[in-house]
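Please examine the sequence and the structure shown below.

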Amino acid sequence: MRALVLAGLAVGLGLSPACASDPIDGQNDVDQTGALYPRDGRRDLTADDRLRFPGAGVLWCRRPDGVPRKAAAAWLIGAPTLVMLNAHNFRNRQLETTRIVSDCYFQIGGRNYDFVADSLALGVARDAERLHITDDWALLRLVQAAEAPIQPLPEGPPDLTTGDLTLPVTMVSPGGHGNYRGDNSLETCSIRRVDPPTEGGTRRARHDCNDGYGGSGSGLFDEAGRMVAMQSASLSMNSRHAFDIEFHYGSALLIEGALLDALRTAAKAAAGAPR
């Protein structure tokens, strides 16, 4: 299952959201949306949603011609200058550089913020040869503090057993999806299995949340509103099939292990930095 399609490799940069009819009984017309699964319960984020799930932002990157395009979801987390997102926004599966930080910026609360160009910290080990689901994370620092609510750091790793389970979650996608009509979305769905830990002592969560190109970095929140995982990839991106725990599912990395350690270290450093 290492062959999972990384959601942001196409990153939705040139994709126009498919048009969809208004939801009927809470369901969008999947024939028009091209959702990952036959049931599509996504809806646009509201102002109340943004208050409940703070820190939701968007990574924007400039094309070679200089035109900025929306790339993926990103999170202001732990500090007003700390951003968490997927590593595959800047590296491909072979760890080759696909973008440079200075070509991108972070948008939240209607404002744009530049990154410190040399602040990129990747989840991959120094001797790694490929990018995997569980090390598909990156941290960046902003040049100036964002004037927006912050997603708090988890107090500890998710209290989830490894193996099959049914955990209701909410997927919050501030960057939207290439197969959804809106600029952003929210959906109630479930984590169905947690795999044993791999890279960085981090586990992968298999879930049945709808995803599409550009949905990388979406946050998965438990019923208490705690962020437990970050979306990385989905199998057969934009192909609509029934959920299958072995062959057709979404993948997110849990906020634990090396990622949680790095977040705590970076947030502590940011708190002590001059402003």
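A residue is called buried when its relative accessible area is under 20%, and exposed when that area is over 50%. The model to which this term is applied here is a predicted one. With a relative accessible area of 0%, A205 is buried.

A205 belongs to strand 11. Which residues does A205 touch, not counting residues up to four places away in sequence? The residues are I191, R193, G250, S251, A252 and L254. A further comparison can be made with T162: A205 and T162 are separated by 43 residues in sequence, and their C-alpha atoms are 9.2 Å apart in space.

The disulfides may be considered next. A pair of cysteine sulfur atoms counts as a disulfide when the two atoms lie within 2.5 Å, and by this rule there are two disulfides. One of them joins C61 to C104, with a distance of 2.1 Å from S to S. Because C61 lies in strand 2 (residues 56-62) and C104 in strand 5 (residues 104-108), this pair ties together parts that are 43 residues apart in sequence. The torsion about the S-S bond of C61 and C104 is about 105 degrees, and the disulfide is therefore right-handed. Both cysteines, C61 and C104, are buried.

A disulfide is also formed by C189 and C209, whose sulfur atoms are 2.1 Å apart. Where do these two cysteines lie? C189 is found in strand 10 (residues 185-194), whereas C209 is in the loop between strand 11 (204-207) and strand 12 (219-221), so the pair ties together parts that are 20 residues apart in sequence. The link of C189 and C209 is right-handed, with 85 degrees about the S-S bond. C189 counts as buried because its relative accessibility is 7%; C209 counts as buried at 0%. When bonded cysteines are counted along the chain, the disulfides follow the pattern 1-2, 3-4.

The account ends with S190, which has its place in strand 10. Is S190 buried or exposed? Its relative accessible area is 14%, so S190 is buried. Leaving aside neighbours within four places in sequence, S190 is in contact with T166, L167, P168 and V169, and also with R206, H207, D208 and C209.

Technical notes
Residues numbered from 1 in each chain as written. Predicted model: local features only at pLDDT ≥ 70, side-chain atom pairs only at ≥ 80, totals over all residues. Heavy atoms only, no water. Helix = DSSP H or I, 4+ residues; strand = E, 2+ residues; numbered from the N terminus. Buried < 20%, exposed > 50% of the residue type's maximum accessible area, 1.4 Å probe, protein only. Contact = heavy atoms within 4.5 Å.
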